[in-house]
Amino acid sequence: MDSIVGLTGRDDVVADLVAEIRKGKHVILTGTVGIGKSAVLREALDQISSKIELIITLHDHQAKGQFVEMARQMLSLGLISAEELDLPAQFHDMAPAAIEWKEIRNRVNRMSMRDLTQAVIPALAKSETKPVIAVDDLTSLTPTQMAFWLAIFDHAQVIGCASEKKPRVKKLWWKMKEIAIKPLPPAVIKDMVKRYVTSKGILIESPDQYISHVVKQSGGIPQAIFDMLEESSKERILDKRKVREMRHDAGVKYLDFTPMIMILGALIVSMRYIGMGTGDKTLYIMGGMGAALFLTFRFFVFKGVGR
């Protein structure tokens, strides 16, 4: 994606991020899903990597996975020992490069968040060089996880991305310099589309309509532009009808029905127990039928999600 739309029109924001990293500040890149935060972060790190001795990059979107990956990279960099990770004695005297991650992965994965942080934070604290920790996603943190990251802030420089700055972890944002990634302007999108169409040799019945449609539908979101361009390249000829039907899913938010489903399941179970306790056979039977329907509905919902 980066070669097509990821960094087009982002020179200024990359330069701003590089400048903040050089100052040693914690930085948070904000913007909607698909806006190109990760692409900007990668480019900035590539430009400044020769000036940074230690870089840890975390791509997992879940806090537990981020800390496990942090432990793995710290182990390979020699920032944390096998003993500090409470690994078996057979690994204690081995050089970090000699330890196969596949042999210890399950053991590290089983560690709790608290145990991981109790190993990671002291190891970071004793490091002579302050590492840069780049995190692809700091959006879905809980207040407890925020406390872990605040402790890390004292011993490492953190550069992260977030599609939403949630109020419950505002203490984290206060310590970070915010750089907002804005949608691409129409002029940049038009130039991007023209270059892509030329390079791919796409046949379009009405080029002006096509370009205007991409500009309007994408809203300046690089991922949306990429999705629409890629979809276009699969067509032999793009007529006006196909252009009008072009859509994308980048940045689209869906309503989460999980709490509603959980409440419904609890009510059905309650009906069964109330029926048993009061001797109300009708309520008991209704609860049983509801449970059967609920389990059937749940099966098809999760089957659809799996696809």
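## A loop residue and the overall fold

D86 counts as exposed because its relative accessibility is 54%, above the 50% cut-off for that class. The model is a predicted one. D86 sits in the loop that joins α4 to α5. Its phi is positive, about 60°, although D86 is not a glycine. As a rule, most residues other than glycine have a negative phi.

The chain as a whole contains 14 helices and seven strands. Its radius of gyration is 25 Å, whereas a compact globule of 307 residues would have one near 19 Å. Overall values for the chain are as follows.

| Property of the chain | Value |
|---|---|
| Span of the C-alpha trace along the principal axes | about 75 × 60 × 40 Å |
| Radius of gyration | 25 Å |
| Share of the 307 residues that count as buried | 41% |
| Share of contacts with a separation of 6 or more that join residues 24 or more positions apart | 70% |

In soluble globular proteins, nonpolar side chains tend to be buried together. In this model the largest nonpolar core has 46 residues, and the members that touch the most other members are M70, M74, I133, L138, W149, I152 and L172. At least two residues of this core come from each of the helices α4 (63-77), α5 (101-109), α6 (113-125), α7 (143-153) and α8 (170-174), and from each of the strands β2 (55-58), β3 (132-135) and β4 (157-162).

Which residues is L172 in contact with, leaving aside its neighbours within four places in sequence? They are L141, M146, W149, L150 and F153. W149 is itself listed with L172 among the core members that touch the most others.

## The cavity

Rolling a probe the size of a water molecule over the atoms shows where empty space is left. The structure holds one cavity of 30 Å³ or more. The largest cavity has a volume of about 40 Å³. Its lining is made up of H61, Q62, A63, Q66, D137, L138, T139, S140, L141 and Q145. By class, three of these lining residues are nonpolar, six are polar and one is charged.

Notes. Residues numbered from 1 in each chain as written. Predicted model: local features only at pLDDT ≥ 70, side-chain atom pairs only at ≥ 80, totals over all residues. Heavy atoms only, no water. Core = buried A, V, L, I, M, F, W, Y, C linked by side-chain atoms within 4.5 Å. Buried < 20%, exposed > 50% of the residue type's maximum accessible area, 1.4 Å probe, protein only. Helix = DSSP H or I, 4+ residues; strand = E, 2+ residues; numbered from the N terminus. Contact = heavy atoms within 4.5 Å. 1 Å grid on protein atoms, 1.4 Å probe; cavity = no way out; pocket = protein on both sides within 12 Å on 5 of 7 lines; lining within 4 Å. Points joined across faces, edges and corners; volume = space filled by probe spheres on them. Nonpolar A, V, L, I, M, F, W, Y, C, P; charged D, E, K, R; others polar. Rg over C-alpha atoms; globule rule 2.2 N^0.38 Å.
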